[in-house]
Amino acid sequence: MLKTNADLLLAAQQGGYAVGAFNTNNLEITHAIMGAAQDRRAPVIVATSAGALKYAGIGFLSQIVLTYAHQAAVPVALHLDHGPNFASCMDCIRHGYSSVMIDASKLPFDENVAATRQVVEAAHAVGVSVEAELGRLVGIEDHVVVSEREVAMTNPDEAAEFVRQTGIDALAVAIGNAHGFYKGDPQLDFDRLRAIRERVDIPLVLHGASGIPDHDIRTAISLGICKINIDTEVRDAFARAVRQFLAKHPDEIDPRPILKPTIQAMQTVVARKIELFGSAGRG
Ligand code: G3H
Ligand code: ZN
């Protein structure tokens with residue numbers, strides 16, 4: 001059944017677990033995400049970035065996910081990840097998205113507030129939930145590069161004011177997390193997360209969760225993280241499965257046998273994350 005992020009994340013906040021948000025670009029990744037969620041009877045957020053929509057076409061990709069959402073026994077949210085502007089958020093809402101992220105985190109505080117409020121007013125008017133980000137993650141998410149010097153972790157006092165002024169449903173925080181593979185062990189600032197939690201009572205979101213050790217994920221959930229974004233580990237499973245298959249079947253040209261093993265490989269990654277996040281059996 002189709003739900004908003006707010007529906008899923010408020011339940012997660014009360015239940016002390018997190019809901020996985022997994023990025024998709026196509027049919028096979030969506031099969032893997034939904035296969036794992038249904039197998040583990042877990043709520044799930046299927047996320048598409050602006051880059052994914054450019055690649056696949058919003059009409060096609062949204063319908064793949066919504067077809068699943070309308071027939072699945074588990075709650076599913078269709079979410080725009082890192083929405084770059086108001087227009088892209090509205091386009092997704094028009095295509096049936098139940099949640100959008102407006103990512104204006106690269107703007108100064110007041111401009112981030114203004115851009116976010118504009119989306120919140122429109123989205124809430126039609127029952128769609130909104131995520132926004134304060135502070136900046138290092139790394140690359142679909143060609144958006146944030147260099148070390150730009151990174152600025154989330155200020156807990158600013159976070160409280162940001163949530164108050166915008167009325168968002170979920171806040172993405174920067175506490176040392178980064179998109180993509182980490183160079184060395186990630187150093188998450190849990191004191192900062194604890195301080196944010198003390199000032200902000202809406203669900204908190206952890207982006208860049210691929211490669212974060214299980215014990216840090218559990219700590220983050222205990223400190224108020226209710227939505228955890230995963231993309232890189234799923235992509236890595238896809239690429240490994242394709243390479244492995246083609247190494248054994250170099251003459252194969254039919255996409256179906258080439259892609260079929262990628263679905264299971266990605267589904268294994270998603271299922272493991274669902275278990276780790278504590279959302280298994282919560283659907
Ligand atoms: O928005 C998507 C996530 O933040 C992806 O992060 O690729 O490091 O798992 P990740
Ligand atoms: Zn992200």
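The structure is a predicted model. Its chain comprises 11 helices and 10 strands.

**Helix α5 and its ends**

- Helix α5 spans residues 86-94, and its buried residues are Ser88, Cys89, Met90, Cys92 and Ile93.
- An α-helix has 3.6 residues a turn, so residues three or four places apart point the same way.
- At the start of the helix, a side-chain oxygen of Asn85 comes to within 3.3 Å of the backbone nitrogen of Ala87.
- After α5 comes Gly96, which has a positive phi near 95°.

**The surroundings of ligand 1**

- The side chain of Thr232 places an N or O atom 2.6 Å from an oxygen atom of ligand 1.
- For the side chain of His207, the distance between an N or O atom and an oxygen atom of the ligand is 3.3 Å.
- For the side chain of Asn229, the corresponding distance to an oxygen atom of ligand 1 is 3.5 Å.
- Taken on its own, ligand 1 has 310 Å² of accessible area, and the protein covers 99% of this area.

**Thr232**

- Thr232 counts as buried because its relative accessibility is 16%, and the cut-off for buried residues is under 20%.
- Apart from neighbours within four places in sequence, Thr232 is in contact with Gly180, Phe181 and Ser210.

- Most residues other than glycine have a negative phi.
- Arg41, which is not a glycine, has a positive phi of about 50°.
- The position of Arg41 is in the loop that lies between α2 (27-39) and β2 (44-49).
- His82 is also a residue other than glycine, and its phi is positive, near 55°.
- With a relative accessibility of 12%, His82 counts as buried.

**Overall dimensions and packing**

- The chain has 283 residues and a radius of gyration of 18 Å, which agrees with the value near 19 Å that a compact globule of that length would have.
- Along the principal axes, the C-alpha atoms fill a box of roughly 60 × 40 × 35 Å.
- Buried residues account for 55% of the 283 residues.
- Among contacts in the chain with a separation of 6 or more, 71% join residues 24 or more positions apart.
- The chain exposes about 12300 Å², and carbon and sulfur atoms supply 54% of that area.

Conventions: Residues are numbered from 1 along each chain as its sequence is written. Chains are lettered from A and ligands numbered from 1 in the order in which they are written. This is a predicted model: local features need pLDDT of at least 70, side-chain atom pairs count only at pLDDT 80 or more; totals for chains, interfaces and linings use all residues. Side-chain values use heavy atoms; hydrogens and water are left out. A polar contact is a pair of N or O atoms within 3.5 Å; within protein, one must be able to donate a hydrogen and the other to accept it, and residues adjacent in sequence count only if both atoms are side-chain atoms. Accessible areas come from the Shrake-Rupley method with a 1.4 Å probe; for residues, only the protein chains shown count as cover. Helices (H or I, at least four residues) and strands (E, at least two) are DSSP runs, numbered from the N terminus. The radius of gyration is taken over C-alpha atoms; the globule rule is 2.2 Å times the number of residues to the power 0.38. Buried means under 20% relative accessible area, exposed over 50%, partly exposed in between (1.4 Å probe, protein chains only). Contact means heavy atoms within 4.5 Å.
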